[in-house]
Amino acid sequence: MDLRGWNYRYVGPAELRGLVRPEHEGRRIRSAAEFGEWASGPAAAGLSEPVTFVVDSGGVLRLAPRRSEHVVCAGGDTVLSAGEITFGREAGRWAVRAVSNQSTGYCPDPVSWRAVADALDAAGLAPRPGGFTHEVVFRRCPSCAQLNIVRDEYFVCVFCDASLPPSWNVDPLAG
């Protein structure tokens with residue numbers, strides 16, 4: 001299944017969706033200037049560690065402090081990708097050092113990298129890696145319905161030992 005451009009719905013706990021408020025959405029970053037403004041404000045204190053990101057359904061990067069919930073960062077909407085991102089200064093400008101798709105609320109497939117790369121490029125945030133530096137593979141068990149993180153390409157449910165599918169299946173309503 002080609003998930004490029006796929007919109008991931010929130011599949012995490014309902015109580016976290018209840019935290020969504022317009023004033024807490026992630027900051028939209030459409031340019032290096034917008035990132036610079038965000039990075040020089042209150043967010044600056046948290047840039048020594050990864051921050052929460054989503055790429056919204058319009059392809060725009062949104063950033064929030066690390067301990068923010070992805071669903072809050074996205075305003076409860078669908079996303080093209082989600083995870084954590086680390087920035088650093090190189091040659092006097094901001095660069096992307098690391099990016100993961102680690103979001104148990106959206107569970108984006110690794111193919112969502114293309115949306116991340118496009119959003120970073122559109123915002124002028126380069127250099128950047130050529131893919132996720134920490135790639136997480138999510139699968140839902142067809143037998144017990146539990147969410148799994150696949151490690152070392154071992155597609156077996158950690159809860160019930162059933163085989164996990166090779167293709168992304170986290171959202172039962174997707175497809």
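Asp 109 is buried, at a relative accessible area of 10%, where buried means under 20% relative accessible area, exposed over 50%, and partly exposed in between (1.4 Å probe, protein chains only). Asp 109 belongs to the loop that runs between β5 and α4; helices (H or I, at least four residues) and strands (E, at least two) are DSSP runs numbered from the N terminus.

The model is predicted, so local features need pLDDT of at least 70 and side-chain atom pairs count only at pLDDT 80 or more, while totals for chains, interfaces and linings use all residues. Residues are numbered from 1 along each chain as its sequence is written, and side-chain values use heavy atoms, with hydrogens and water left out.

## Overall architecture

Four helices and seven strands make up the secondary structure of the protein chain. Their order along the sequence is α-β-α-β-β-α-β-β-α-β-β. The protein chain has a radius of gyration of 16 Å, close to the 16 Å that the globule rule gives for 175 residues, so it is as compact as a globular protein of that length. The radius is taken over C-alpha atoms, and the globule rule is 2.2 Å times the number of residues to the power 0.38.

Along the principal axes, the C-alpha atoms of the protein chain fill a box of roughly 50 × 35 × 25 Å. Buried residues account for 46% of the 175 in the protein chain. Of the contacts (heavy atoms within 4.5 Å) in the protein chain between residues at least 6 apart in sequence, 57% join residues at least 24 apart.

## The five-stranded sheet

Five strands form an open sheet in the order β1-β3-β2-β4-β5, with antiparallel pairing; two strands pair if DSSP finds at least two bridges between them. At the edges stand β1 (27-29) and β5, each of which pairs on one side only. From one strand to the next the twist averages 40°, with axes as lines fitted to C-alpha atoms, for helices over the stretch in contact, and angles running from 0 to 180 degrees between N-to-C directions.

The antiparallel strands β1 and β3 are joined by three bridges, and Ile 29 stands opposite Leu 61 in β3. Two helices pack on the sheet. α2 touches β1, β2, β3, β4 and β5, and its direction makes about 145° with that of β1. α4 touches β2, β3, β4 and β5, and its direction makes about 95° with that of β2.

A nonpolar core is a set of buried Ala, Val, Leu, Ile, Met, Phe, Trp, Tyr and Cys residues joined through side-chain atoms within 4.5 Å. The largest such core contains 25 residues, and those with the most contacts inside it are Trp 38, Phe 53, Leu 63, Ile 85, Phe 87 and Leu 125. Two or more residues each come from α2 (32-40), β2 (51-56), β3 (61-64), β4 (79-90), β5 (93-100) and α4 (113-122). The greatest contribution is that of α4, with six residues. Apart from this core lies another, of 18 residues, among them Leu 16, Val 71, Val 72 and Val 170.

Within α4, the residues Trp 113, Ala 115, Val 116, Ala 117, Ala 119 and Leu 120 are buried. The cover over the buried residues of α4 includes β2, β3, β4 and β5. Just after α4, Gly 124 adopts a positive phi of about 70°.

## Salt bridges

A salt bridge is a side-chain nitrogen of Lys or Arg within 4 Å of a carboxyl oxygen of Asp or Glu. By this rule the model has 13 salt bridges. In the pair of Glu 90 and Arg 97, the N to O distance is 3.9 Å; Glu 90 is partly exposed at 34% relative accessibility, as is Arg 97 at 46%. Salt bridges that share partners link Glu 25, Arg 28, Asp 56 and Arg 62 into one network.

Arg 28 is partly exposed, with a relative accessible area of 31%, and Glu 25 is partly exposed at 27%. Glu 34 forms a salt bridge with Arg 30, with 3.8 Å between the closest N and O atoms. Here Glu 34 is partly exposed at 24%, and Arg 30 is partly exposed at 48%.
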